[in-house]
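Keep the structure open beside the text.

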Amino acid sequence: MDKLVKKVEGVEFLTGRIYSRKELTDEEKIIDTRNHRKFPEADVWGTDLGALFYNSKDDNMYVIFGDTFGERGSGLTRWRSNTLAYSRDYKNLSNGFEFDGWYTEGKNDGYARAVSDGKHFPREELKERTKIHQAGIEVNGTCYVYCEAIRTWGTPGTWYVNYEGVFKSTDNCKTWERVHDLTWFPSTTDEFFDYAYETATWDYWGNPTDVKIDRAKERENPYFAQCIPTDGKDGYIYIFGRKPGRHTGVKVARVKYEDIEKFAEHEYYCGNDDNGEPIWIKGYEGLKAINNDTVGFILATNENEPTSNMTVMWNEYLKKWMFVYFRPAKFDEEGNKIYDNSMGFRLSDTIWGNYGEYHQIFDKSLFTKDGEHHSFIGVDWVFKRPNSVFYGACGHEKFQEENGKIFYLIVSITNPIYNTVLVKVELE
């Protein structure tokens with residue numbers, strides 16, 4: 001175990017029903033999570049991610065999940081691209097995390113609805129498959145969620161994004177609307193861009209509008225296809241971005257609180273000057289300056305090292321900024337594995353980096369040993385695809401105890417189940 005990590009343990013599964021593998025027993029063993037028992041009408045049986053943002057206006061922690069599916073056996077008939085739960089139960093997470101409700105789009109049937117549903121076109125049509133919200137944040141009473149509109153899935157760990165967009169709510173997440181000026185395009189090649197631009201101008205419900213996105217082709221930057229906003233506590237919101245998929249590094253932009261809805265006011269980190277001070281270039285020029293694979297990476301190595309599903313938060317116990325993320329396996333040119341999938345963190349004195357040594361929190365051994373029966377929080381299973389066991393590192397400063405000596409993460413598990421689990425981490 002890493003020198004900074006003392007203990008890691010699962011707390012509870014958060015959504016739906018958890019099924020063990022059939023081959024373990026004559027009858028399936030079912031774990032009916034308390035959030036499913038409490039809100040069966042929400043019809044949330046399986047989901048991923050679980051990005052957290054706090055709203056000071058109503059003292060709720062909001063959890064925005066990714067692709068969400070309904071009752072087991074229904075296939076994709078109850079597929080929602082994302083769902084949103086809320087709760088005030090975030091102050092004693094050692095006993096788990098109980099929801100107070102789901103976003104229902106104002107309906108009274110309790111069914112959990114998408115904040116912004118994807119069009120769910122067939123994969124082969126290369127249009128829009130789904131919309132995944134990677135993160136959210138409240139700024140001066142307005143809640144914002146950042147969303148990648150996924151065109152199609154590729155090989156494992158690879159996908160293609162039409163645009164990165166933002167939705168906002170001014171009424172405590174009861175209704176949402178698009179902020180059209182906050183749009184980044186990963187690609188503006190002709191065969192890709194026309195449909196991406198069209199969908200980027202749709203309204204909240206996915207209907208065509210007469211919105212025109214200013215200087216659209218100058219918004220190209222593949223490193224802002226997925227965005228994670230974080231409050232820097234210095235008057236700026238910092239936007240951490242990466243390419244579609246799991247195989248590239250992270251760059252960062254910042255914007256003043258009052259200018260958060262203005263695309264041209266964003267500044268992009270372009271490394272440090274000779275005195276070690278950060279270089280920030282504003283607007284379209286800044287975006288252009290980092291549109292390459294050499295400038296602006298936030299790790300101490302300044303390399304394009306693979307990162308995925310990240311959370312950035314201040315840790316008072318360590319008195320450092322903590323960059324927590326899923327670290328995908330890395331291979332050399334001959335295909336030999338350099339290191340395996342893991343969850344871990346890096347630390348920095350400043351929010352923009354550079355983030356130093358990697359500290360591993362856990363790897364797949366937390367859940368299983370290859371090919372062996374294993375029990376994790378009361379669920380027995382055998383993982384059959386060990387390279388796709390888990391992902392996600394969704395945390396928040398309010399998901400900490402003892403000033404950050406203990407923190408909690410929402411982690412996604414994909415095989416043999418598809419759901420999320422609350423994990424507790426204790427530091428030395």
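The lining of the largest cavity holds 5 nonpolar, 4 polar and 1 charged residues. Here Ala, Val, Leu, Ile, Met, Phe, Trp, Tyr, Cys and Pro count as nonpolar, Asp, Glu, Lys and Arg as charged, and the others, Gly among them, as polar. Leu14, Thr15, Gly16, Asn35, His36, Phe39, Ala42, Asp43, Val44 and Trp102 form that lining. The search of the whole structure finds 1 cavity of 30 Å³ or more.

A cavity is a set of points, on a 1 Å grid over the protein atoms alone, where a 1.4 Å probe fits but cannot get out; a pocket is an open set with protein on both sides within 12 Å along at least five of seven lines; lining residues have an atom within 4 Å of a point. Points are joined across faces, edges and corners, and a volume is the space filled by probe spheres set on them.

| Space | Volume | Lining by class |
|---|---|---|
| Largest cavity | about 40 Å³ | 5 nonpolar, 4 polar, 1 charged |
| Second largest pocket | about 570 Å³ | 17 nonpolar, 8 polar, 5 charged |

The second largest pocket is lined by 30 residues; closest to its centre are Gly136, Ile137, Pro229, Asp231 and His396. Strand S8 gives the largest share of this lining, 6 residues.

S8 also belongs to an open sheet of 4 strands, ordered S8-S9-S10-S11 with antiparallel pairing. Strands S8 (130-139) and S11 (177-178) stand at the edges with a single partner strand each, so one side of each has no neighbour in the sheet. Strands (E, at least two residues) and helices (H or I, at least four) are DSSP runs, numbered from the N terminus. Two strands pair if DSSP finds at least two bridges between them. S9 (residues 142-153) and S10 (residues 159-169) pair over 10 bridges. Glu148 stands opposite Glu164 in S10.

The search of the whole structure finds 25 salt bridges, each a side-chain nitrogen of Lys or Arg within 4 Å of a carboxyl oxygen of Asp or Glu. One joins Glu98 and Lys38, with the closest N and O atoms 3.0 Å apart. Glu98 sits in the loop between strands S6 (83-87) and S7 (101-102), Lys38 in helix H1 (residues 34-38), and the two are 60 residues apart.

Residues are numbered from 1 along each chain as its sequence is written. In this predicted model, local features need pLDDT of at least 70 and side-chain atom pairs count only at pLDDT 80 or more, while totals for chains, interfaces and linings use all residues; side-chain values use heavy atoms, without hydrogens and water.
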